[in-house]
Amino acid sequence: LLGALNPAQRAATLSRASRVRILAGAGSGKTRVLTARVAHLIAAQGVEPSAIVLTTFTRKAAREMEQRIATLLPAEAARGLTVGTFHSLGVQLLRANAASLGLPPSMTVADEAATAGRAGRVLVQQGEAPTSRSVTALLEDIGVERVMRLERMWATYLAGQPLAADPMAVFLGTDLAEVSPYRRYHALCQAEGAVDFDALGILPVLLFLTRPDLRDVYRTLWRYLLIDEFQDTSVVQMMLVRLLVGPETSICIVGDDAQAIYGFRGADVSHIQTFDTLFPETVSFRLEENYRSQPKIVEAANELVTHTGTLPKTLHTAQSEARPIVVLDCATPASEAIALVDRLQCLREAGEIRTWNEVMVLYRTHGLADAFEAACIARRIPVRVSRGLRFFSRAEPRALLAPLLLAVNGADGDAFRRVADLMTPRPSDTAVRQVLAYAAEHTEPVVTVAKLHRDRAGVSKPQAKALDNLLTFIDGVRAAGRKSPEAALRYVLAETQMQVRLQAAVPSDDATL
């Protein structure tokens, strides 16, 4: 466990201080230290895995940490350990304590498309035609208002004063006019049992503000908190951390203020810089040996960081020296692309590039790729641009999951709309809108409206049959789901002909696919 660690990593791993800050320079092995510290707590200190929470910022990083821990401990030793993102931690807290916040246990976690869809429906209620710009603006306004409301409650909490109103009521905007977009949006989410991604951070804070007794339960349960990429924590995430940290809690944070890049998403780099002020007994460690880069890269990084006002640390590396960094100063994206292609061709002619497969070009935004792609095509250099949607943002996974969401949460209006798109014959747009409007106005689940109140909603008799087919389909999904989630997925693939359509799209001579 400890043999692969350098002295600084070993000291950070073995520290028994209850407040630990690890300042980890780029490529210095922070993941190795975090996972070693977790394994050491379990294997050497006898800490129960269920008492440990390891939080990071992406699902990919969480999976990597779980895999590393699995290589350090016997198979059953880490059972009960909580590893995940702040969002997954929020989901866990909300599902376990849904009643305290007036949420159904079967709440739906809305993706970006579903959230935008609900915002669009609010705009329609306002008499506006939704556009991508107006939907984005509305969600931004709602996000700002949410944080302002939470910060006012937080200030009251820190002052030791009783909260003036029910925190959940403040979050829902019950003090606003019923026609206000903020209140309409949250009323729609509540009626459909849906929670968006931002609310996954805010609602756990409201939960503990509302129920300090419950907060103390989790402080007793989760006695060891380890938080990765602390420089990227938001104001709301920092509130949750402070609520979870009690007098007996051991907290270890890891990060690098020189790598803080998410300020535009609400991250506050001061959280890692002033951690020792908030927790005066903090012991700090510095990981400064870089295992990733060549000396010239590390030297340049050190020079840049001296101008940023970040916490002092000096990276060093034992790797062998390489050629110097070349900086091309270009006026426009087009001239930058031409200069880059010229340089690549020179390297190819000199024999330093054997095949174009050896070359990778990284760019900051997708827009910069267009000029480079055009320059490559003009010089007859083969080029492949990697870009695309995340897996669960693609049409097929979203369509496949919608029936499962509706089977679990019959109030999910967005899932109802997606399921309608899968049906043959398909309920008309008018019928779908009528069901959704009636459900929102009368606070009824859309499945209940489609089954019992469609006449009152104004659905025509020809469309009633299409709704019956949809309801029968959902009943089938629910029945299959009682066997297993896989059975439900297979049922959806078969009944919607999705599997046949996907297979038909694969070339018959493609052995891999």
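I began at V20, whose bridge partner in β7 is C252. I then looked at the two strands around this position: β1 (residues 19-24) and β7 (residues 250-255) run parallel and are joined by five bridges.

I note for the record that this is a predicted model, in which local features need pLDDT of at least 70 and side-chain atom pairs count only at pLDDT 80 or more, while totals for chains, interfaces and linings use all residues. Residues are numbered from 1 along each chain as its sequence is written, and side-chain values use heavy atoms, with hydrogens and water left out.

**The sheet.** Two strands are taken as paired if DSSP finds at least two bridges between them, and helices (H or I, at least four residues) and strands (E, at least two) are DSSP runs numbered from the N terminus.

**Aromatic pairs.** My search of the whole structure gave eight aromatic pairs. Rings of Phe, Tyr and Trp (its six-membered ring) pair if their centres lie within 6.5 Å, and planes under 30 degrees apart count as stacked, over 60 as edge-to-face and the rest as tilted. F57 sits in the loop between β2 and α3 (59-72) and F86 in helix α4, 29 residues apart.

Is F86 buried or exposed? At 7% relative accessibility F86 counts as buried, whereas F57, at 28%, counts as partly exposed. Buried means under 20% relative accessible area, exposed over 50% and partly exposed in between (1.4 Å probe, protein chains only).

I also noted F230 and F275, an edge-to-face pair with 5.7 Å from centre to centre and 80° between the planes. Both F230 and F275 are buried.

**Charges over rings.** I found R149 over the face of Y182, at 5.1 Å from the ring centre, and the charged end of R32 over the ring of Y291, 5.8 Å from its centre.

Definitions and conventions: Lys NZ or Arg CZ within 6 Å of the ring centre and 35° of its normal.
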